[in-house]
Amino acid sequence: MKITKIAVARGIQWVEIPEVDLRVLCGSPADAVKHLIKRGLILPQEVKGVACETGPNAILLSDLSLQNGEFSNLAEFPVLQMLYKQGLIIPAHPNNTGRKPILIGSAAQIESQISYIYRGNYGLISAEEIAQTGVSLEQSQDMMRLKLKFAFGRIRPTRDFIDTCILADDAVEVVNGVTISRLHTNVFKFVYGGETVTVNLNLQPGEKYECPYPLGYRRLESEYFAVINSGEGDGWDTERPCMSSIITFQGRLYLIDAGPQISYTLAALGIDIDQVDGIFHTHAHDDHFAGLTALMRAGRRIKYFATPLIRASVTKKLCALLGIEEKWFSDFFEIRDLLFDKWTDIEGLEVMPIFSPHPIEANIFTFRTLWGNGYRTYSHFADIVSLDILKNMVTQQQDAPGLDSSLFESIRAAYLAKADLKKIDVGGGMIHGDARDFKSDNSARILLAHRAGDLTPVEKEIGSSAVFGTCDVLVAGISPSDMHRRNAFTYLHAHLPGVPLHHIRMLVNHPIIEINPGAIILKEGETPKDVLLLISGLVDKICSRSNLFGSLRSGALIGDAAIIDNRPSLNTYRASSFVRVLRLPAGLYAKVVKRNGLLEHVQKTASIRSFMETTKLFVDGLPVEVYSSIVDSVSERVYKSGDIIAGKDLKILNIICYGSVERVAGTKVLDVLRERDFFGEEGAILNVPYLYSLRVLQDTAVIQIPGELLKNVPILSWRFLESYQQRTERFVYGGDNRESLIWRDIFSLNVAQMDIQHMHFVEIGNAIIEHLQKDIDRDSLNKVFNALVDYTYYHFEAEEKLMSLYHYFGIEDHRKSHKELIRRITEYTAQVSTGDVPPKAAFIAFFESWVVKHLLEDDRKYGEFLNAKGVY
């Protein structure tokens, strides 16, 4: 057998061909390296007397950047493992033979990974980028000096140390006679020496990537001010989550960082994403960053607390990874900027970020609240650098890489500032902390974290370790039961609008019960005896016959619709953590509803909710208040067979109840939408032009929801974006039409944000080409041309701002070129609007002379200029 294939974990496989020394990690979701370690595919070894590790030397990327809401491609840590732990990049290392790690995948996914790894290595890459965050130019230059010290004097593009292998339509050679081809989306075939192996990286509906370590379940009790230990390990620890904490303050929950497996971490603690009020972010390395997607799938925008410097670094990395423009970040989070060295009061919880030297932008946090005769304080020091390392970086040469002595002294003072509780990174090495720096620290309690394995005897004399889920109480709180009943009151008030407060209080006075993890709460087909109000914890909702697997949010009711309609439950509900519910007798709940004239409202809400939650879009439910606003605003519409859906109907979200609609570009059918599918999200939510036509195949009924009700619901924005990206990617990278414009490597400027915008030009151009058919829909054609004009103005403005930021020498000539291009496309569009429709070949020639020629000639110049300054 020449090819070996091993199933590593869900969505991760291993293909090895020893004859050509090829070891491929197939699939690279969060913690892929930890799974390889646990399977024995990464092992310690010694090569010519040098200690190092075994491991992969190539990564096969998923065709899909997201699967079931989770990142599918997170190659940062696998690449770091190859470069440093295997030694492929270390000078004089016996494994440094000049062979580079290989990224294999679609052009889109490779470009995203190249940009994301670059930002993961360096963060912001110029004084100009840093200064854009409000930092003075002098401070920006000092930060770049420090960054260059960590980078050994030079910021290197990702392609300097990674090779790529782009998969298109045909088989390609990876190395020495090994070929790989794509059979279907995410299904690949390796061929070597007459043998073949097939790899399937698809997740099935309801499946999630696996967590490499068991966490068990914990009961979380809210305190006035406390710190829950949610992670003590590092990015290589196979037994524990990465360093993080959760602050509870006056009943609110705040995360410090969001590392891999944050969904599992919160589930183990019985925390629903919607219970999280905000996140305090230290920096953008994957072990503190990869869980952001879980927060982006919340039912409301979670508050994002960080300095503008950290936020900019995180935004650039996240948007590079997703292949989206940076403006999208604020659609998923409520931005709350902090200032370095300044206290910010967040409803009684004060926080101060302090700049922390690191290869990328980072800060440490101190939190405090008034109590007793002063303050109770917590300091969180993630990814700090040891004082010995920093001291060796001190230089008095103003232009040399390093830091000056005053910054070193301020960092040392910040490290040793006294706190009631202090959690410290003691991971060691070049970019992590050393417990010995805190030997004389007078803090009341010190926790040592961010390392794999046990503490050393010396470390045990300095600080404590903390088991996952344990809690350090700084200020004891009120009875947890009181907090649960307050939440129950709020939820019931939203479910039952207009009900007198004394009725709500009467319902809230019923027992709160705890349900163990794994217990079935209500089975499909059973008639419930009680209505259960979910107060805390996580509940899975399962309907296997419809292939739908979702979860309930805090505040959801279980059994209410079945009781009101006197029917069995349509779903099975199962506790996936410790769960607390308020148990309401069925008869009493029904009487309160009927006595207050809410029967019709409750039935309508239940009916709409029951239908919506059978769709993949809403399978995880929505916050109670969002459902209430939808019920008050939803409308129904019936389209007749042959109708063309246009105008205001494409500025509202439509969900199909029955019937079918085909999505068309010109005469080309892109897909057919059926029951429970949706359309209109481009205009209703995403605010992007609709480039296609919708034609009704048979009588179709829809429910319509105004977009403004859904714009602040991140989980919906996430799913709309995921759907939109998958639908439009073929318009950029060349589908099955030989007349299409295809994005090619030669078009790339290696400037991520500009490449993303240029790809959108190709998408719009291809949409126009598809519209230029014999039976032209003039209205649709005019809309697509107008979209091209609007996007031209938007893109040229963004391009000129970037050139201005870096003082590009050719900016004035470029502006003149832009004005001429705008004149040409405006005139061309005006001709089309008067009925002078060009032949398809004529438009392709125009587009290529207009956009492609400009891209290859004028834009190439500023791209090379920016690349020389480290801008990619």
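In this predicted model, the largest cavity is lined by 17 residues, and A30, E70, Q261, A290 and T293 are those nearest its centre. Its volume comes to about 170 Å³, and the structure as a whole holds seven cavities of 30 Å³ or more. Three elements, namely β8 (70–71), α6 (262–268) and α8 (292–295), each supply at least two residues of this lining, with α6 giving the most, three residues.

The second largest pocket holds about 1,200 Å³ of space. Its lining consists of 33 residues, of which L80, Y84, P359, M430 and I431 are the closest to the centre of the pocket. The elements that contribute two or more residues here are α2 (76–85), α3 (107–122) and α5 (137–150), and α2 gives the most, with six residues. The make-up of the two linings by residue class is set out in the table.

| Space | Volume | Lining residues by class |
|---|---|---|
| Largest cavity | about 170 Å³ | ten nonpolar, five polar, two charged |
| Second largest pocket | about 1,200 Å³ | 16 nonpolar, nine polar, eight charged |

Turning to the packing of side chains, the largest nonpolar core has 98 residues, and within it L295, M612, F618, L622 and L716 touch the most other members. Helix α9, which spans residues 308–322, gives the most to this core, with seven residues. For L295, once its neighbours within four places in sequence are left aside, the contacts are with L255, A258, I273, I279, I302 and F333. Another core, of 51 residues, lies apart from the largest one and includes I354, V385, L403 and L802.

At the level of the whole protein, the secondary structure amounts to 25 helices and 41 strands. The radius of gyration is 28 Å, close to the 29 Å that the globule rule gives for 872 residues, so the protein is as compact as a globular protein of that length. Taken along the principal axes, the C-alpha atoms fill a box of roughly 80 × 75 × 60 Å.

Although Q250 is not a glycine, its phi is positive, at about 50°, and the residue is placed in the loop between β16 (244–249) and β17 (252–256). With a relative accessible area of 32%, Q250 is classed as partly exposed, because this value falls between the limits of 20% and 50%. E347, likewise a residue other than glycine, has a positive phi near 50° and is found in the loop between β21 (344–346) and β22 (349–355). Its relative accessibility is 54%, and E347 therefore counts as exposed, the cut-off being over 50%.

Terms used: Residues are numbered from 1 along each chain as its sequence is written. This is a predicted model: local features need pLDDT of at least 70, side-chain atom pairs count only at pLDDT 80 or more; totals for chains, interfaces and linings use all residues. Side-chain values use heavy atoms; hydrogens and water are left out. A nonpolar core is a set of buried Ala, Val, Leu, Ile, Met, Phe, Trp, Tyr and Cys residues joined through side-chain atoms within 4.5 Å. Buried means under 20% relative accessible area, exposed over 50%, partly exposed in between (1.4 Å probe, protein chains only). Helices (H or I, at least four residues) and strands (E, at least two) are DSSP runs, numbered from the N terminus. Contact means heavy atoms within 4.5 Å. On a 1 Å grid over the protein atoms alone, a cavity is a set of points where a 1.4 Å probe fits but cannot get out, and a pocket is an open set with protein on both sides within 12 Å along at least five of seven lines; lining residues have an atom within 4 Å of a point. Grid points are joined across faces, edges and corners, and a volume is the space filled by probe spheres set on the points. Ala, Val, Leu, Ile, Met, Phe, Trp, Tyr, Cys and Pro count as nonpolar, Asp, Glu, Lys and Arg as charged, and the others, Gly among them, as polar. The radius of gyration is taken over C-alpha atoms; the globule rule is 2.2 Å times the number of residues to the power 0.38.
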